[in-house]
Amino acid sequence: MDELIAYFNGEFVPDSQCLIHATDRGFRTGDVVYDLQRTFDGKIFRLREHLERFMRSLKFTRLDSGLNIDELEALTREVVERNEDLREPGGDFTVTQFVTRGRAKSVVDPVPPTVCILPQRIDFAQFAKFYQSGVHVVIPRTRSYSTESLDPKVKHYSRMNFVIASLEAADVDPEAYPVLLDENGNIAEHIAGNFYLITDGVLRMPTDHSSLQGDTQRVIREMAKRLGIPTREEELQPYDAYTADEIFLTNTTYCILPAGKIDNRPVGEGVPGPITRQLQSAWSEMVGVDFVDQALSFANP
Ligand SMILES: Cc1ncc(COP(=O)(O)O)c(C=O)c1O
């Protein structure tokens, strides 16, 4: 397949040329923040909202990309346009912006940052079957970030605890999706998505105390309001998940992914449950692409 075109340190280059030096702090110390959007039928979704979160991550970590939000938006749109002819029939892209503190010797060493806007073809086969079977959520032993160490609202790539959590979940089921607890034992988030459960018709989700402010989550809240589904942001424990009627996860790429099991216990009756299905349909209508059918068309036979 033809190489996609990325933006890397001021130039548009084939993605194989986005090479990070071994002394870059992004690689060495995880000194890197990012954001990620996806396209639906080639059109990028909620770019500005994602870039606003990206600017907050940069501000919090005191990283300077050298670009303002308008410039980042224009460059991201150009990356998408330059790759449109390379989009597979029926396929879509994710686009990731990331900024590292570059090859600095210390946090105050004034060297240029590493700035990249990287498109990737969405690998729908990775998760497509879970729209039908439901994903197996496993709660690993490793806990999520705490606001007292690294605030989970920052979108960064310092993710070794997520890696360990993934290994622990894979010990239970190689296909499991780990959902971490926070330091107090409340449910935080999936390593790449937000967590929701439904009890007696109420859509319940953790607060942003211990999870990323997911852009998908923001839309889910608005959508639920429009559909008349009551929502509650609150502290949730494994008990709430084990006794829930429905569970699902959201992120930019898989949108709304139902869970079929949690820690080997079946969730509710049938996947997806009625409220999850209602939200999935409303989402597809909003973006103009049936994202479940799209993913299933790429599923492995
Ligand atoms: C840790 C974590 N939580 C939640 C999310 C969901 O965020 P969004 O809906 O903006 O993709 C992500 C997305 O990558 C994530 O990495």
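Is Thr94 buried or exposed, and what is its relative accessible area? In this predicted model, Thr94 has a relative accessible area of 7% and is therefore classed as buried, the cut-off for that class being under 20%. Thr94 is placed in strand β5, which spans residues 93–100. When neighbours within four places in sequence are set aside, the contacts of Thr94 comprise Leu36, Gln37 and Arg38, together with Leu118, Pro119, Gln120, Ile122 and Thr253.

Helix α8 covers residues 274–287 and contains 14 residues. The distance from the first C-alpha of α8 to the last is 20 Å, close to the 20 Å expected at 1.5 Å a residue. Buried positions in α8 include Ile275, Thr276, Leu279 and Gln280, and Ala282, Trp283, Ser284 and Val287 are likewise buried. Gly288 follows α8 and has a positive phi, near 75°. In the loop between β15 (265–266) and α8 lies Pro272; the peptide bond leading from Val271 to Pro272 is cis, with omega near -10°.

Most residues other than glycine have a negative phi, and most peptide bonds are trans. Against this background, Arg62 has a positive phi of about 55° although it is not a glycine. Arg62 is located in the loop between α2 (47–61) and α3 (69–83), and its relative accessibility of 73% places Arg62 among exposed residues. A positive phi, near 70°, is also found at Asn264, a residue other than glycine. Asn264 occupies the loop between β14 (255–262) and β15 and, with a relative accessibility of 49%, counts as partly exposed.

Key: Residues numbered from 1 in each chain as written. Predicted model: local features only at pLDDT ≥ 70, side-chain atom pairs only at ≥ 80, totals over all residues. Heavy atoms only, no water. Helix = DSSP H or I, 4+ residues; strand = E, 2+ residues; numbered from the N terminus. Buried < 20%, exposed > 50% of the residue type's maximum accessible area, 1.4 Å probe, protein only. Contact = heavy atoms within 4.5 Å. Expected span 1.5 Å × (residues − 1).
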